[in-house]
Amino acid sequence: MEEETQREDNQQQVLKVLEALKQISQDLKNKPTQNLNSNSIKALLELETEGDTILFKDPNLQNLSNHLTKLKQIIHNNHLPNSHTHGIGIRSFIRRRITNHEISKLAESIETEIQAWIDRESVENLVKFVQNSDGDTNEDDEKVKLLTQFENRVLQGFNRDLQDLVLKFKVFNVLETLVCNPKNSLKLKEAAAFAVGGLVEFNKDVFVGEVLMGPIIPALISMGSSTSTCSIQVLCSLIRSIKSPLVDEIETNGQIPKIIKLLGLENEPSIRVTALDCVLEIGYFGRKEAVDAMLEEGLVKKLVELQRSQLGGCLIDMGDFGDDEKVKTSRDRRDREYLEEHPFVSCVSRFWIQLDVGEGLRQREKRAFKLEILQRVREACDCDSDAATILAEVLWGSSL
């Protein structure tokens, strides 16, 4: 136990040093000659001379040590009293350019080695901490912190070395277990869900299949039923990333009724808002079967009820339909502000627009669904004036 604590302390010390070195190497890479005399560069070079320092006891940092040795040699040669880099003429100019290029490349290599070490430690620590945990909820805050750090890292963009680490340590399986385990706290499952979304953005080619074949999607929808807006936000992001194949999977597994049901949680307006976003995404990417499933679950009636609620309304009632550029700009700004305060405004028309401009339906299917939506609006409205307004929005499109 004491040895493990000592190891963690050593890792933290190394991490602090490497984070500082990473910033120095970035500065040196961008401005090689301007930073050679800075105190930070001198401190960086002094590290290389301390052979027994804690930094280079780690064999994974051997390449970093070698890069620092090369950098020290280049900078030492650059500062010799009669060095050719201080001369005048075309030859000295070319040599200075070559030296600057070498320094920049070394600084980039140093930065890469540092990031690789940080990634290796963070991934390994995340997996070990989660797998060795006994389920104590007192540890959830630390787990959430590690998961958030991992999510932020993968959202920085693709990195092959990081992907190798993720696959080696089976990080996706770890995250999937966290999301799907009903014994875990909601905040822990949400943090793991966001990390899953980050992995899909990181490399769709690798992780989309994991999402489609695993239990992640039903788990996210189930979390939404437990008033988790975060899980539905992740679901929306996954639909945008994976598109029609994911919507097909949702429809095939009978999950659409559960999503539509979220629109009826009257005491949870935030859930209803995110559920509407999810419905709109499904409408954009969904094929005929998915749209049919939503309509059969009474979607149009629910949308009419939402539009007539205090958080609803109709943009078509607000006028300002001139073609003048100032009128358009003013109208767009006003509509955005109104939509923020009334998230269900014109939601029937917004749903139809998603179908109309979306990727999942053929033209003849769109025409048929438009007629069906119009008929269902008439059936759902008790008041002729309300029906007329909503029908007009669907027929002509709102000003969104």
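**Cores.** I started with the largest nonpolar core, which has 86 residues; the ones with the most contacts inside it are Phe150, Ile217, Leu220 and Phe351. A nonpolar core here is a set of buried Ala, Val, Leu, Ile, Met, Phe, Trp, Tyr and Cys residues joined through side-chain atoms within 4.5 Å, and buried means under 20% relative accessible area with a 1.4 Å probe, protein chains only. Helix 8 (residues 186-202) gives the most to this core, 9 residues. Apart from it I found another core of 18 residues, including Leu64 and Ile103.

**Ground rules.** I'm working from a predicted model, where local features need pLDDT of at least 70, side-chain atom pairs need 80 or more, and totals for chains, interfaces and linings use all residues. Numbering runs from 1 along each chain as its sequence is written, and side-chain values use heavy atoms, with hydrogens and water left out.

**Phe150.** I listed its contacts (heavy atoms within 4.5 Å), leaving aside neighbours within four places in sequence: Val123, Leu126, Val166, Val171, Leu175, Ala195 and Leu199.

**Arg272.** I placed arginine 272 in helix 14 (residues 269-285); helices are DSSP runs of H or I, at least four residues, numbered from the N terminus. Arginine 272 is buried but has no salt bridge, meaning a side-chain nitrogen of Lys or Arg within 4 Å of a carboxyl oxygen of Asp or Glu. The nearest side chain of opposite charge, glutamate 266, is 5.5 Å away. I did find the backbone oxygen of leucine 263 at 2.7 Å from a polar atom of the arginine 272 side chain.

Technical notes
Helix = DSSP H or I, 4+ residues; strand = E, 2+ residues; numbered from the N terminus. Buried < 20%, exposed > 50% of the residue type's maximum accessible area, 1.4 Å probe, protein only. Lys, Arg positive; Asp, Glu negative; His and termini not counted. Polar contact = N/O pair within 3.5 Å; in protein donor to acceptor, adjacent residues only side chain to side chain.
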